[in-house]
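Reader: I have the model open and would like to go through it piece by piece. Could you take my questions as they come?

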Amino acid sequence: MNTAARRIGRTLAFVLPVVLVLSGTLAVTRVPWASPSAESQILTASSDRASTHATHRAPHELLRDRLLAELQEKDPAVALTHLQVATSRRPSLAEHCASIARALGRAAVAKYGGVSRAQAYARPVCDTSFASGVTQAYR
């Protein structure tokens, strides 16, 4: 009895994931909402509109973009805190810290429309690069 149950369990452990993957793949290849006139349409990996060139962005560029978005949603203090945490966790980002902080300073001036409000968020993250960015945006 024990070996029969074990054999059934092994068979299910092998067959069930295969069945789930295949059924999921087949389910998403037919998209009836792609074209209102067609009954169904099959998606293909190659398309005329598909991009053939993948763009690889550096980690510091991704961090800068994420922090700039965060600055717009919240405030510069949150973005500066996350910049400090990110450079502490990944020392390879430290060389880009000053340029990211300057970009945050310029974005803060653009968001608040003046130097005094943006400067209120200045902190000694990456030396004084945030403050430098604020003054650069003012000129």
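**Helices, salt bridges and surface**

Reader: Let me start with α3: which residues on its other side are exposed?
Author: Ser88 and Arg89 are exposed there, on the other side of α3, where exposed means over 50% relative accessible area, buried means under 20%, and partly exposed lies in between (1.4 Å probe, protein chains only). Please keep in mind that this is a predicted model, in which local features need pLDDT of at least 70 and side-chain atom pairs count only at pLDDT 80 or more, while totals for chains, interfaces and linings use all residues. Residues are numbered from 1 along each chain as its sequence is written, and side-chain values use heavy atoms, with hydrogens and water left out.

Reader: And which residues of α3 are buried?
Author: The buried ones are Pro76, Ala79, Leu80, Leu83, Ala86 and Thr87. They sit on the same side of α3 because they cover an arc of only 125° around the axis, the arc being that of the directions from the helix axis to the C-beta atoms.

Reader: What caps the N-terminal end of α3?
Author: Asp75 does, with a side-chain oxygen 3.1 Å from the backbone nitrogen of Ala77; for a polar contact, the N or O atoms must be within 3.5 Å, one able to donate a hydrogen and the other to accept it, and residues adjacent in sequence count only if both atoms are side-chain atoms.

Reader: How far apart are the end C-alpha atoms of α3?
Author: They are 20 Å apart, which agrees with the 20 Å that the 14 residues of α3 (residues 76-89) should span at 1.5 Å a residue; the expected span is 1.5 Å times one less than the number of residues.

Reader: Stepping back, how many helices and strands are there?
Author: The protein has six helices and zero strands, counting DSSP runs of H or I with at least four residues as helices and of E with at least two as strands, numbered from the N terminus. Of its 139 residues, 24% are buried.

Reader: Which residues are buried in α2?
Author: In α2 they are His60, Leu63, Leu67, Glu70 and Leu71. Looking down the axis of α2, these residues fall within an arc of 100°, so they line one face of the helix.

Reader: Changing topic, how many salt bridges does the count come to?
Author: The count is two, where a salt bridge is a side-chain nitrogen of Lys or Arg within 4 Å of a carboxyl oxygen of Asp or Glu. Asp65 meets Arg57 at 2.0 Å, N to O, and Asp65 also pairs with Arg64, with the closest N and O atoms 3.5 Å apart.

Reader: Lastly, which residues make the nonpolar surface patch?
Author: Phe14, Val15, Val18, Val19 and Leu22 make a patch of about 460 Å²; such patches join nonpolar side chains (Val, Leu, Ile, Met, Phe, Trp, Tyr) within 5 Å, or like charges within 9 Å, among residues with over 30% relative accessible area and no salt bridge, with areas from the Shrake-Rupley method and a 1.4 Å probe, where only the protein chains shown count as cover for residues. Val15 belongs to helix α1 (residues 2-29) and is partly exposed at 37% relative accessibility.
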